[in-house]
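Dear colleague,

Please find below the structure I would like to hand over to you.

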Amino acid sequence: MLVASSISQPVVLVGYIVFFCALMYFMAIRPQQKEKKKQEELLASVAVGDSVLTSSGFYGVIIDMTDDTVIVEFGSNKNCRIPMQKAAIVQIEKPEA
């Protein structure tokens, strides 16, 4: 009897470790990877003329862009143009055709 209980303890411990590793993957890592992929798809669809919302909460229109930088025009006057990284864009609204 003593031998069987001493063997089952490490098996149960390994089972708990595997369970908690799987739980961490499905609760933390996997959703983060999905969100990152969604953000990358959003940034890939950015085009000149799109209305955007920045991470700082400003709405603007993209007037020029390069690989990782966009120039966004804020407000109704044409003098407020700010270059920023594409990563600062959190939402895109395409202009209606």
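The notes below cover the sheet, the salt bridges and the surface.

This is a predicted model, in which local features need pLDDT of at least 70 and side-chain atom pairs count only at pLDDT 80 or more, while totals for chains, interfaces and linings use all residues. Residues are numbered from 1 along each chain as its sequence is written, and side-chain values use heavy atoms, with hydrogens and water left out.

The sheet is open and contains 5 strands in the order S4-S3-S2-S1-S5, with antiparallel pairing. S4 and S5 (89-93) are the edge strands; each has a single partner, so one side of each is left without a neighbour in the sheet. On average, neighbouring strands are turned by 40° against each other, direction ignored; the axes are lines fitted to C-alpha atoms, for helices over the stretch in contact, and angles run from 0 to 180 degrees between N-to-C directions. Strands (E, at least two residues) and helices (H or I, at least four) are DSSP runs numbered from the N terminus, and two strands pair if DSSP finds at least two bridges between them. S1 (residues 51-54) and S5 run antiparallel and are joined by 4 bridges; Leu-53 has Gln-91 in S5 as its bridge partner.

The whole structure holds 2 salt bridges, each defined as a side-chain nitrogen of Lys or Arg within 4 Å of a carboxyl oxygen of Asp or Glu. One of them links the side chains of Asp-50 and Lys-94, at 2.9 Å from N to O. Asp-50 sits in the loop between H1 and S1 and Lys-94 in the segment after S5, so the pair ties together parts 44 residues apart in sequence. Asp-50 is buried at 2% relative accessible area, whereas Lys-94 is partly exposed at 43%; buried means under 20%, exposed over 50% and partly exposed in between (1.4 Å probe, protein chains only). Glu-73 forms a salt bridge with Arg-81, their closest N and O atoms being 3.1 Å apart. Here Glu-73 is buried, at 11%, and Arg-81 is partly exposed, at 46%.

Lys-78 lies in the loop between S3 (69-74) and S4 (81-85) and is exposed, with 53% relative accessibility.

Finally, Phe-19 belongs to helix H1 (residues 2-44) and is partly exposed, with a relative accessible area of 49%.

Yours sincerely
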